[in-house]
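Trainee: Could you take me through one part of this model closely? I would like to see how its pieces sit in their surroundings.

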Amino acid sequence: MTNILCVADGGVTEEMFSDFKELEKYGAKVKIVKDSQVPDITGITNRMGVIEKGGVDAAPTCPELLEAAPEADIIAVHVASVNKEVINAAPNLKLVAVLRGGYENADVEYLKEKGIPLINAPWRSANAVADFTVGMMVAENKNIARSFHDLKNGKWVKKYSNQESIRDMRKCTVGIVGFGYIGSRVAKRLSGFESRLIAWDPFADQKAITDQGVEPVGSLEELLKEADFVTLHMRTSEQTHHMINAETLKLMKPTAYLINTARADLVDEEALISALKNHEIGGAAVDVFSEEPLPENHPYLSLENVTLTAHLAGTSSDTMQTSVEIGVEDVANFLQGKELINRRA
């Protein structure tokens, strides 16, 4: 019998994890525990912020996971850390499933060292983020959030700082940086707007880009020079850290908009604030920040050419359940000796 340990939290709940019981038809036994440290979405966001900045060892070990780990052959988590302490406590561990788009809360290198496969749910929030990204483009270009704010404060404003450069999307070039699960879905949505679409992703299959009616470009610099909207969809790494910085921002058109619904670390925040203050670019729409929640005195809050949201892009009632569906499918593959679809280690 294969013992599957599922660690629920305030995002992927015990009820959602109950779908794993479908795997009992393959001779598995499913146990579900609740991570008491992250009981709600705020706790999850805070936990992932800690891990993204400090790595998997920066977060505390889930006590419920650690207690149940010795009997587990498979561990499935949402944001609970699968660190060395947990891995060492599970002598029978054969597979780890992190039901997130990322997998920063697992010690990937140690799992590789132990020969334990790691899977994740890479596209679980892709549709939600793609929808949100297009909404952020339109909101910033058309001043939707600014007008709402002004009306709430008794102001009837008909002219904003970008008045001379408000564009119809069909007349715009959208540059997609990263053409994975999210970037490709952004492109699908924008095809209905009749925008010209270009993309840069040195890791993507270039034919997959052209097959979707998108023009691949040879460099980030080329994309930044051509695009009226630059939307970021890369993961953070040594190569992508502050890929948008003082130098690369200077390559953008003075009327262009930067959209970041991906990771705060992709952008040098101080450089972007300076560019917005000096109107070196048309504006920005930002959902992720180097410090969250955003402090009350943050410079972004004094700018007139930025649309801000509280790390909401992946929020959808469908996202969490989708992550479970992806996880169940791949664990079923493992139990049947089939190839893992979403293997990361």
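**A close look at helix 6**

Mentor: Helix 6 is mostly covered, with twelve of its 17 residues buried. Keep in mind that this is a predicted model. The helix runs over residues 126–142 and reaches 24 Å from its first C-alpha to its last, close to the 24 Å expected at 1.5 Å a residue. The buried positions are Ala-126, Ala-128, Val-129, Ala-130, Phe-132, Thr-133, Val-134, Met-136, Met-137, Ala-139, Glu-140 and Asn-141. As you read along that list, remember that an α-helix has 3.6 residues a turn, so residues three or four places apart point the same way. Just past the end of helix 6, Asn-143 takes a positive phi of about 65 degrees.

Asp-330, in helix 13 (residues 319–335), is buried yet has no salt bridge. Beyond its neighbours within four places in sequence, Asp-330 is in contact with Ile-119, Glu-339, Leu-340, Ile-341, Asn-342 and Arg-343.

For a contrast in setting, turn to His-242, in the loop between strand 9 (229–232) and helix 11 (246–249). His-242 counts as partly exposed because its relative accessibility is 27%. Setting aside residues up to four places away in sequence, His-242 touches Asp-265, Leu-266, Val-267 and Asp-268. Ala-264 is 22 residues from His-242 in sequence, and their C-alpha atoms are 8.7 Å apart.

Note on methods:
Residues numbered from 1 in each chain as written. Predicted model: local features only at pLDDT ≥ 70, side-chain atom pairs only at ≥ 80, totals over all residues. Heavy atoms only, no water. Helix = DSSP H or I, 4+ residues; strand = E, 2+ residues; numbered from the N terminus. Buried < 20%, exposed > 50% of the residue type's maximum accessible area, 1.4 Å probe, protein only. Contact = heavy atoms within 4.5 Å. Lys, Arg positive; Asp, Glu negative; His and termini not counted. Salt bridge = Lys/Arg side-chain N within 4 Å of Asp/Glu carboxyl O. Expected span 1.5 Å × (residues − 1).
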